[in-house]
Amino acid sequence: MQIDIRNLSFAYGHKTIINGLSHTINPGDYLVIQGKNGSGKSTLIKCLLGINSVKNGMIFLDDDDINTFNKWTKFGYVSQNFDSFNYEFPLTVQELLKFSSITKASEHNYLMLLDQMGILDIVNDNVNSLSGGQLQRVFIVKAMLNDPEVLILDEPTASIDKQNSEFFYKTVDELNKQGKTIILITHTDSIENLNYTHILNMGLDLTTTITTKPIEGDEES
Ligand SMILES: Nc1ncnc2c1ncn2[C@@H]1O[C@H](COP(=O)(O)OP(=O)(O)O)[C@@H](O)[C@H]1O
Ligand SMILES: [Mg+2]
């Protein structure tokens, strides 16, 4: 899917958060969004997902205006606060993933994805009993269930250890190589080792800059 952001502005009440952003995310791109806490990274993501409604500027998802777009299963999303829930009733990993499946195919898909993530052994565990790293992998599986074209990850390594975050970045690379568009938000991680294609930097002063990663071997020698 192509995501075409045209002169997007967004405010909560009178407080402007995004001011005139234009950028096109092409199929297969790996966009890293960086910026300090409060610079509007999550707000932008919520605009792209139709959670925040777009009134100033436009976003086109393929050829559809976002305000009439309805193929939301093309997006997989792991929100910033994926680990802050606590289910009131006992729920196993398997049950969580079955509830999130929209087709028989995606229902069968979850075992394969859990296996790929190295967590097939916790399929019958209660979600409230998982470690941060296990929970993160479960939520990535959940986001991947319906075979999305675009995977959006908001500060995915904030609450996991180094070993899990290395595993996580490898997984993201593989998914990107398989053709998924990746949008990854981070405010702390060093990104030199990531195979991203573009960086969007958001400033607290509403400025935005977009840089394209130079193709390796293309630098001056
Ligand atoms: N629902 C909301 N209502 C009002 N203000 C909000 C809301 N969500 C976020 N903000 C404010 O918008 C600014 C940007 O927030 P956010 O997009 O979460 O930043 P980031 O993800 O870059 O840390 C912050 O000042 C935050 O307090
Ligand atoms: Mg955020």
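In the protein chain, residues 24 or more positions apart account for 70% of the contacts with a separation of 6 or more. The model is predicted, and local features are given only where pLDDT is at least 70.

## Overall build

The protein chain has 5 helices and 10 strands. Its radius of gyration is 18 Å, close to the 17 Å that the globule rule gives for 221 residues, so the chain is as compact as a globular protein of that length. The C-alpha trace spans about 50 × 45 × 30 Å along its principal axes. Of the 221 residues, 31% are buried.

## The four-stranded sheet

One open sheet has 4 strands, in the order β2-β1-β4-β5. The pairing is antiparallel. β2 (15-25) and β5 (64-65) stand at the edges, each with a single partner strand, so one side of each has no neighbour in the sheet.

Strand β1 (residues 3-12) runs antiparallel to β2, and 7 bridges join them. Within this pair, I5 stands opposite H23 in β2. Helix α1 packs on the sheet and touches β1, β2 and β4 (56-61). The direction of α1 makes about 120° with that of β1.

## The six-stranded sheet

A second open sheet is formed by 6 strands in the order β6-β7-β8-β3-β9-β10. Here the pairing is mixed. The edge strands are β6 (75-78) and β10 (208-212), and each pairs on one side only. From one strand to the next, the twist averages 15°.

| Strand pair | Sense | Bridges | Residue pair |
|---|---|---|---|
| β6 and β7 | parallel | 4 bridges | Y77 and I152 |
| β7 and β8 | parallel | 5 bridges | V150 and T181 |

Helix α5 (residues 162-177) lies across β3 (30-35), β7 and β8 (181-186). It runs at about 150° to β8.

How enclosed is β8 by the rest of the structure? Of its 6 residues, 5 are buried, so β8 is largely enclosed.

## I152, a buried strand residue

I152 lies in strand β7. Its count of other C-beta atoms within 10 Å is 22; burial takes 20 or more, so I152 is buried. Leaving aside neighbours within four places in sequence, I152 is in contact with I45, F75, G76, Y77 and I183. One of these, Y77, is also its bridge partner. I152 and V78 are 74 residues apart in sequence, yet 6.3 Å apart in space, C-alpha to C-alpha.

Most residues other than glycine have a negative phi.

N7 is not a glycine, but has a positive phi of about 50°. It is found in strand β1. N7 has 11 other C-beta atoms within 10 Å; the limit for an exposed residue is 12 or fewer, so N7 is exposed.

D147 is the second case, with a positive phi near 50°. It is found in the loop between α4 (132-144) and β7 (150-154).

## The ligand shell

Which residues surround ligand 1? They are Y12, I17, G35, N37, G38, S39, G40, K41, S42 and T43. By class, the shell divides into 2 nonpolar, 7 polar and 1 charged residue. Helix α1 (residues 41-48) gives the most to this shell, with 3 residues. α1 is also the helix that packs on the four-stranded sheet, touching β1, β2 and β4.

Note on methods:
Residues numbered from 1 in each chain as written. Chains lettered and ligands numbered in written order. Predicted model: local features only at pLDDT ≥ 70, side-chain atom pairs only at ≥ 80, totals over all residues. Near = placed C-beta within 6 Å. Helix = DSSP H or I, 4+ residues; strand = E, 2+ residues; numbered from the N terminus. Nonpolar A, V, L, I, M, F, W, Y, C, P; charged D, E, K, R; others polar. Pairing = 2+ DSSP bridges. Contact = placed C-beta atoms within 7 Å. Axes fitted to C-alpha atoms, helices over the stretch in contact; angles between N-to-C directions. Rg over C-alpha atoms; globule rule 2.2 N^0.38 Å.
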